[in-house]
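Biologist: Before I plan anything around this protein, I would like to go through how its residues have been labelled, and on what grounds.

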Amino acid sequence: MRAVVTCECCGHRQAVERSIEEPESFFVVCHACEGVLRVQVTADAIRTAEALAASHRDSRTTAWA
Ligand SMILES: [Zn+2]
């Protein structure tokens with residue numbers, strides 16, 4: 001999945017460059033204010049993202065049929 005992080009300092013939203021496959025936490029640096037953000041990825045968040053991706057795949061398959 002791809003995560004989008006909202007900076008707590010300035011509200012800047014940015015996509016995390018790496019893909020995330022399992023629950024973990026890591027740090028990213030805000031591109032706007034250079035504040036350090038702690039990102040916590042939960043199993044729930046991954047399941048939600050995978051469900052969204054799967055529904056997108058399904059709709060594309062339907063379009064091909
Ligand atoms: Zn920021």
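**Exposure and contacts**

Modeller: In this predicted model, Q14 has 16 other C-beta atoms within 10 Å, and is therefore called partly exposed.

Biologist: Where does Q14 sit, and which residues does Q14 touch?

Modeller: Q14 belongs to strand β2, which covers residues 13-15. Leaving aside residues up to four places away in sequence, Q14 touches V4, V5, C30 and H31.

Biologist: What makes E34 count as exposed?

Modeller: E34 has 10 C-beta neighbours inside 10 Å, and because the limit for exposed is 12 or fewer, E34 falls within that class. E34 lies in the loop between β3 (24-29) and β4 (36-41), and has a positive phi of about 65° although E34 is not a glycine.

Biologist: How many helices and strands does the protein chain have, and what share of its residues count as buried?

Modeller: The protein chain has one helix and four strands, arranged from the N terminus as β-β-β-β-α. Of its 65 residues, 0% count as buried. Among contacts between residues at least 6 apart in sequence, 25% join residues at least 24 apart.

Terms used: Residues are numbered from 1 along each chain as its sequence is written. This is a predicted model: local features need pLDDT of at least 70, side-chain atom pairs count only at pLDDT 80 or more; totals for chains, interfaces and linings use all residues. Helices (H or I, at least four residues) and strands (E, at least two) are DSSP runs, numbered from the N terminus. A residue is buried if 20 or more other C-beta atoms lie within 10 Å of its own, exposed if 12 or fewer, and partly exposed in between; C-beta atoms are placed from the backbone. Two residues are in contact if their C-beta atoms, placed from the backbone, lie within 7 Å.
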